[in-house]
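Hi,

Here is the structure I promised to send over. Have a look at it first, and then read my notes below.

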Amino acid sequence: MTDLFNAIALGVLALLPLTNPPTTVALFLALSKGLSQPEKNQQAFLTSFYVFLIMTITYYIGEFVMEVFSISIPGLRMAGGGILIVMGLKMLFPPPPQPTATSSMIEQTNFAFIPLAMPSTAGPGTIAMIISSAATIKNSTAFPAWVLLTAPPLIFLFTAVILWICLRGSGIVMRVTGVSGIDAISRLMGFLLVCMGAQFVINGSLEVIQTIIDKNMP
């Protein structure tokens with residue numbers, strides 16, 4: 001059970017900078033203006049459910065998609081790393097605020113899937129990381145086979161639950177941290193994403209170099 005707990009903890013910690021709950025909370029607060037508390041609670045639950053669904057489906061069909069489109073692990077890691085770097089830089093250096101959306105857009109009550117679940121939470125960086133992990137986890141010897149089989153859906157479930165808790169307590173979070181606090185947390189998450197993306201690119205590049213060396217070795 002210790003191995004399972006450690007695997008879940010590592011997976012959740014790896015996904016949290018990608019899902020970036022503080023940014024999703026800020027977006028949720030902006031979109032849910034004028035909604036009643038039951039409507040906010042419903043949108044919070046639906047967002048978390050969609051995030052869990054996207055992550056789970058991505059994990060289990062990711063390798064199949066890679067085989068169909070002949071995508072290599074190094075290529076995926078390098079592309080995913082580039083996406084993470086771009087996302088992180090946007091969070092570190094956010095663009096100027098855009099004009100307020102029209103009232104018809106703000107008053108909509110069905111924003112759980114788009115933009116909250118995708119791309120705000122389970123965006124391209126998250127999807128790239130999950131596909132890469134799914135394709136390489138079979139060769140992992142860090143954990144027993146039963147842990148590698150059991151941990152992924154639990155990791156996605158815990159991540160979705162954490163997001164749900166953040167969204168349900170979004171009002172409290174904003175009152176405690178304020179707009180500046182949310183911005184500071186988002187920038188910290190952005191720095192972590194840049195670091196993770198750079199490591200993805202480094203790992204992918206090293207694998208490409210190693211492959212070339214192996215092919216040219218007599």
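Predicted model: local features only at pLDDT ≥ 70, side-chain atom pairs only at ≥ 80, totals over all residues.

The protein chain has 9 helices and 0 strands, so it reads α-α-α-α-α-α-α-α-α along the sequence. Of its 218 residues, 38% are buried. The accessible surface comes to about 12,200 Å², and carbon and sulfur atoms account for 72% of that. As for how the chain contacts itself: take the contacts between residues at least 6 apart in sequence, and 94% of them join residues at least 24 apart.

Now for the helix pair. Two packed helices are described by the angle between their axes and the distance between the axes. Here the pair is H3, covering residues 37–68, and H7, covering residues 124–136. They pack at an angle of about 60°, and their axes are 8 Å apart. That angle is why H3 counts as oblique to H7. The crossing of H3 past H7 is right-handed.

Which residues in H3 and H7 meet? On the H3 side you'll find Met55, Thr58, Tyr59, Gly62, Glu63 and Met66. Their partners in H7 are Thr126, Ile127, Ile130, Ile131, Ala134 and Ala135. Sorted by type, the residues of this contact come out as 8 nonpolar, 3 polar and 1 charged.

Cheers

Technical notes
Residues numbered from 1 in each chain as written. Heavy atoms only, no water. Helix = DSSP H or I, 4+ residues; strand = E, 2+ residues; numbered from the N terminus. Buried < 20%, exposed > 50% of the residue type's maximum accessible area, 1.4 Å probe, protein only. Contact = heavy atoms within 4.5 Å. Areas by Shrake-Rupley, 256 points an atom, 1.4 Å probe, with all protein chains shown as cover. Axes fitted to C-alpha atoms, helices over the stretch in contact; angles between N-to-C directions. Parallel < 35°, antiparallel > 145°, perpendicular 65-115°, else oblique. Left-handed = near helix turned anticlockwise from the far one by under 90°. Nonpolar A, V, L, I, M, F, W, Y, C, P; charged D, E, K, R; others polar.
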